[in-house]
Amino acid sequence: MSASAREGLRAHPKGLAYLAATELAERFSYYGMTALLALYLVKQLLLPDHAGSVLGLAQLRALFEFRGPISDQAFASLIFGWYSGLVYFTPILGGLLADRWLGPRRTVILGALLMAGGHIAMSFDASFLTALVMLILGSGCLKGNIAAQVGALYPPAAESLRARGFTIYATGINIGAVLGPLATGSVAALYGWHAGFALAAALMLVALCIYLAGQRHFADTGPRRLDRLTLPPLTPEERRRTWALIGLIALTIPANIAYPMIWNIGIVWIDQHVDLLSPFGAVPASWFNSVESFSSIAIAAPLVALWTWQARRGREPGSIAKIGIGSAIVGAAALLFALGCLTAGADGRVSVLWALAGFIGMGVAFMWFWPILLALISQAAPAKLNATLMGAAYLSLFVGSTLMGWVGSFYDQMSNAAFWTLDATIALGGAALIFVFRKSLQRVLDPVAPR
């Protein structure tokens, strides 16, 4: 590390290193477990020898089969969709728990214990659904409260330093997201599914230890008893901006259906139909979740350079156009999977290059639409509703992920090419709607210089 880089790191509070390391280990644990989940359901847990011993599974299946019997693949997709969707819903509850009763520190500790317990419970068939509930609630306690503590490390005037601190923190998230699937996928391939989940539990305990070790460096924030404040009503312009942002958030739902499909059906499709043989043996399908995360990291600097180059020439797309482009790239990446299916060899196996290209495309697409949406909300939302609308953005992930599970339940009823074409059509349809409404939304959100 250069002297200037070390000097730059010293400018940050010591607590940042502990929080970033905590989140790295926690994301390692979370993404490592998620990379195994869909395959574990299809290849072991839902088989007759195991399904009967899972507490509550028969009742959950009966709930999902209210319109008639469904296949094990469809059942697995619905479980995955609701799990991943609720992970994005419960941070609202975790924030309320921290603000009103426990404070961020105790809420984070509770969340880490719940997640570690959930990963351990995944090691037993009987407690599988209990494990998912613990992981959902634990993630809700952790997800927003660690980020809030990062912000609390900096004085209000240190806006630039805080932005760089969040960049370091986000780097920890991305590193954990890359390493988690590689490690748990390797362990699961060598020693079995439960060993992979045990590794995720161990890393969650490491995250808790790091967090506890850094306690003295965190801001002393406790629960707040908030008095009901009488805020001035929104002006007509603020109401228009609010509704425009809500509409834009809703328009990202199609991309948030098609994009996370790679973590659910994508991994199963790769395991079943993609040629994974290498000179060193078969590559675990779960490793592909790391490809998407790594591509998001790798594309960040080139994207910033591209937008800077376009800005100097007056050609940089507006924020809404970028979100539309990102949604379209999601659709194009899904079409790569469909094309791969059409070019399968005589043995029915698809070249791994198609899978790699699609996963890389999804990672690139994510950087085009999701961070841009959050930045636009932060800039354009009325001050009185800024935090509320930022939270509403994550509801797009909740709705999208839940619907993703439902769409994925049709996977084994269609040809592979048709399924991925459907996934692409959802994203491309969302992109088309964004471009249809782009000018009218931009006029409301930026009336001075519409694009």
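Reply:
**Around Asn289**

Asn289 lies in helix H13, which covers residues 288-312 (a helix is a DSSP run, H or I, of at least four residues, numbered from the N terminus). The model is predicted: local features need pLDDT of at least 70, side-chain atom pairs count only at pLDDT 80 or more, and totals for chains, interfaces and linings use all residues. Residues are numbered from 1 along each chain as its sequence is written, and side-chain values use heavy atoms, with hydrogens and water left out.

Is Asn289 buried or exposed? Its relative accessibility is 4%, so Asn289 counts as buried (under 20% is buried, over 50% exposed, in between partly exposed; 1.4 Å probe, protein chains only).

What does Asn289 touch? Leave out residues up to four places away in sequence. Then Asn289 meets Thr34, Ala35, Pro181, Ile262, Trp263, Ile267 and Phe359 (contact means heavy atoms within 4.5 Å). Two of these names lead on to aromatic rings.

Take Trp263. Its partner is Tyr259: the ring centres are 5.3 Å apart and the planes stand at 70°, so this pair is edge-to-face (Phe, Tyr and Trp rings, six-membered for Trp, pair with centres within 6.5 Å; planes under 30 degrees apart are stacked, over 60 edge-to-face, the rest tilted). Both partners are shielded. Tyr259 has 5% relative accessibility and counts as buried. Trp263, at 12%, counts as buried too.

Helix H13 supplies a ring of its own. Trp307 of H13 pairs with Trp368 of helix H15 (residues 352-380). These two are 61 residues apart, so the pair links distant parts of the chain. Trp307 and Trp368 are edge-to-face, with 5.2 Å from centre to centre and 80° between the planes. Both of them are buried. The whole structure holds 21 aromatic pairs.

Phe359 belongs to an aromatic cluster.

End with Phe128. Set aside its neighbours within four places in sequence. Phe128 is then in contact with Leu37, Tyr40, Leu41, Leu45, Val54, Ile79, Ala121 and Met122.

For contrast, look at Asp99 in helix H6 (residues 91-121). Asp99 has a relative accessible area of 26%, so Asp99 is partly exposed.
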